[in-house]
Amino acid sequence: MQTGILLCSSKHRSISLRSIGNLHNHLQGRRSSSPRHQSTCLRPLSYGEVPTDDIKALVQKYAHQPQTPISLRTLMRTGRGELLNKTYKDNYLSCNKTSATEKVLMQVAGFLRRELPIRLAHRIQDLDKVPLMRDMPSVKEVKQTYISSLFDLLDTPVIDTPEKELEFSHVLRGLYSKHSGVLMQMAKGAFELRAELQKGTIKQRFLNPNYYGRRMSHHQYDPNASAEFDQMRETHEFLNRFYMSRIGIRIFAGQYLALREPPVDGWVGLIYDKVSPETIVRQAAEDATVICNRKYGDAPDVEVSGRLDLTFPYLPDHLHYILLELIKNSMRATMDWHGPDCLDYPPVKVIIADGKENEDVVIKVSDEGGGIPRSNIHKIWSYLFTTADPTTQERMIAYSSNDHSTESPLAGLGYGLPISRSYARYFGGDLDIMSMEGYGTDAFFHLSRLGDSREAIPL
Ligand SMILES: Nc1ncnc2c1ncn2[C@@H]1O[C@H](COP(=O)(O)OP(=O)(O)OP(=O)(O)O)[C@@H](O)[C@H]1O
Ligand SMILES: [Mg+2]
């Protein structure tokens, strides 16, 4: 097999020499940093120049290895140094934490260095397989980002000293920011596919009948009808897998980078051990009110009741993300249903429920916003389905805005519900919507409070 290392310079996005040099060794199951591969007279290869078969073989090698699912509890215990060997654990729990903290970081970095290439390779293989989507320009770009990240990770040396751990953290920080636009990039890919389908040239007979989901669409396979994006089960399952996996990768990377920051009381990386759902609901309500006010000049109140005293260990950012999406949806429905002349909008009601014996904490977000027509109910989990003004979606796609702040619109992309459900499911929870057309909607958000559920990572 040829690695094809070339001479002179290149402007292309490149794979480093060490990666290419190691390609053979990876494929043969061993690492090497032979000086032969680091010779300065050789220029790095751009992807176009690396034999596709070599990349495929490397991806396949890593994609064949099983991913290691981690629970929230394990994530916390690792961050606290409870899973170190005894000497360091004693150190950590007693006095001088410095060397133990170094060991924690090396332990976590070592795990990421082994695990992330496997997770990326699984996704690259999935990206290769998904019909139609894989041909979209934006999806191809996402795949290149994943392949280049895989190479970057394989390029890092084994972490056996604090210096190498530091070097690894720089690489990971770079990858973390490089991947920040991937959600929108993939949404753009879905948008491109939908635009292709809307031309009507792709008939259902060109696709596997299993592409159509009865549960999602009540759709009967009709070989002569045009294929429709929101009825394509396989595409949606692919997107669910992709985004779910992305959540995991970003939690791991984010957790590790947060552990490198000076410690804050009660926090272990991204996890806070006394998350109060009430506090998060109030923060999300405040943010949603700003966004709603900007669009309508008014906003319904948000009432919170139930277990206001409740706290449990969780990732506050995840909770905030989901609650903001649900409250935004409820506010928009309430404003539209009751119209601009309404003097007293019915409040959005949030109830927090939990009992001693409960497996789950359940948060219900209820509105009197007129509900969802039955003909639309199966579409709400579909990516890109929205009843918002279509130009908002086009604008968001065009500017690839990845903003989840009060600057983002109240509704527009059609991603709020499916992504929130992935967040909820990630650590064993779920999200359900019950609607009563002509009255309102209830969203039930279940959180697994035990923290023992392992990540629901896709294969
Ligand atoms: N509480 C609700 N009441 C009525 N309709 C709702 C409610 N929640 C969601 N919907 C419907 O489901 C659609 C999809 O919701 P989703 O949150 O996924 O996307 P969106 O709100 O349109 O855009 P965004 O990506 O900004 O969230 C909405 O456009 C709306 O038609
Ligand atoms: Mg929404």
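**View 1. Helix 6 and helix 7 run roughly antiparallel to each other.** Angles over 145 degrees count as roughly antiparallel, under 35 as roughly parallel, 65 to 115 as roughly perpendicular and the rest as oblique. The model is predicted: local features need pLDDT of at least 70, side-chain atom pairs count only at pLDDT 80 or more, and totals for chains, interfaces and linings use all residues. Residues are numbered from 1 along each chain as its sequence is written, while chains are lettered from A and ligands numbered from 1 in the order in which they are written. Helix 7 spans residues 162-178 and packs against helix 6 at about 175 degrees, the axes 11 Å apart. Axes are lines fitted to C-alpha atoms, for helices over the stretch in contact; angles run from 0 to 180 degrees between N-to-C directions. Thr145, Ser149 and Asp152 of helix 6 meet Val171, Leu175 and Lys178 of helix 7. Contact requires C-beta atoms, placed from the backbone, within 7 Å. These residues divide into two nonpolar, two polar and two charged. Nonpolar covers Ala, Val, Leu, Ile, Met, Phe, Trp, Tyr, Cys and Pro; charged covers Asp, Glu, Lys and Arg; the others, Gly among them, are polar.

**View 2. Helix 6 also meets helix 8.** Helix 6 (residues 137-154) and helix 8 (residues 182-198) have axes that come within 7 Å and cross at roughly 150 degrees. The two are therefore roughly antiparallel to each other. Helix 6 contributes Pro137, Ser138, Val139, Glu141, Val142 and Thr145; helix 8 contributes Val182, Gln185, Met186, Lys188, Gly189 and Glu192. Five of the contact residues are nonpolar, four polar and three charged.

View 3. Helices are DSSP runs (H or I, at least four residues), numbered from the N terminus. The twelve residues of helix 2 (residues 52-63) should span 16 Å at 1.5 Å a residue, and the end C-alpha atoms are 16 Å apart, which agrees. The expected span is 1.5 Å times one less than the number of residues. Leu58, Val59, Tyr62 and Ala63 are the buried residues of helix 2.

**View 4. Leu132 has a positive phi of about 65 degrees although it is not a glycine.** Leu132 lies in the loop between helix 5 (98-129) and helix 6. Leu132 counts as buried, with 20 C-beta neighbours inside 10 Å. The cut-offs are 20 or more other C-beta atoms within 10 Å for buried, 12 or fewer for exposed, and in between for partly exposed; C-beta atoms are placed from the backbone.

Note on methods:
Two residues are in contact if their C-beta atoms, placed from the backbone, lie within 7 Å.
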